[in-house]
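Here's a quick tour of a ligand shell and a helix pair. Have a look at the model, then read on.

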Amino acid sequence: MARILVLYYSSYGHTAKMAEAVAEGVREAGHEADIRHVPETAPAEVAKAAGFQTMEGHSCIEGPDKLAEYDGIVVGSPTRYGRMASQMASFWDQTGGLWMKGALVGKVGAVFTSTASQHGGQETTCFSIITNLLHMGCTIVGLDYGFDGQNGVDEVKGGTPYGASTIAGGDGSRQPSEVELSGARYLGKRVAETASKLHD
Ligand SMILES: Cc1cc2nc3c(=O)[nH]c(=O)nc-3n(C[C@H](O)[C@H](O)[C@H](O)COP(=O)(O)O)c2cc1C
């Protein structure tokens, strides 16, 4: 059985919901998933003024060394000007010790994101996270086209070959749609299956 970490940051809950769907996909495939968020680094007054929600319901990751305990790591962050949020980047900037040891080499990595607008940086945000995972030596699993839900233009929806995604809307009122959550579940399943095969 593969052990998968779903690691996320979320200010308004969209990425948190996607994290739960990724974990569901892992578990539905018969593998183990833990959901953890990274620490909030914004000053309390900034977080309050911007209406950030606390990432309730999930525990904060105890530290970078925890990453080494998993077979696969699925990382989710909302976009900030087309790249991952600084809260998530700050966490990865503390993983130098793991990089030195090659502690994540050969683990499976995958990503997911949320943007306000359709073309607000889904793919670049995915790649900003994938870059970190590649430097750590992870084998990347994307949202392959076996997930047919990312095809078609019949509705506004996220979903990219580079990772699962959702669109929050300019005011954050849009919630992850069923097809977007299905993409996140599919990604979780593919990561778990791949990690299981690689670590047999
Ligand atoms: C400082 C800042 C920069 C942002 N930059 C972008 C952006 O470049 N493109 C975009 O579509 N949304 C942008 N957003 C909107 C967030 O991506 C959106 O609030 C997020 O996807 C919601 O996910 P969450 O509920 O998990 O926080 C930005 C938000 C903030 C606070």
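By class, the shell around the ligand holds five nonpolar, 13 polar and one charged residues (nonpolar means Ala, Val, Leu, Ile, Met, Phe, Trp, Tyr, Cys and Pro; charged means Asp, Glu, Lys and Arg; the others, Gly among them, are polar). This is a predicted model: local features need pLDDT of at least 70, side-chain atom pairs count only at pLDDT 80 or more, and totals for chains, interfaces and linings use all residues. Residues are numbered from 1 along each chain as its sequence is written.

The ligand is surrounded by 19 residues, with S10, Y12, T15, A116 and G120 the closest (the C-beta atom, placed from the backbone, lies within 6 Å). β4 gives the largest share of the shell, three residues.

| Element | Residues |
|---|---|
| α1 | 14-28 |
| β4 | 72-80 |
| β6 | 108-115 |

Now for α1 and its partner. The axes of α1 and α6 (residues 178-198) come within 7 Å and cross at roughly 45° (axes are lines fitted to C-alpha atoms over the stretch in contact, and angles run from 0 to 180 degrees between N-to-C directions). Among the residues making the contact are M18 and V22 of α1 and L181 and L187 of α6 (C-beta atoms, placed from the backbone, within 7 Å).

Terms used:
Helix = DSSP H or I, 4+ residues; strand = E, 2+ residues; numbered from the N terminus. Contact = placed C-beta atoms within 7 Å.
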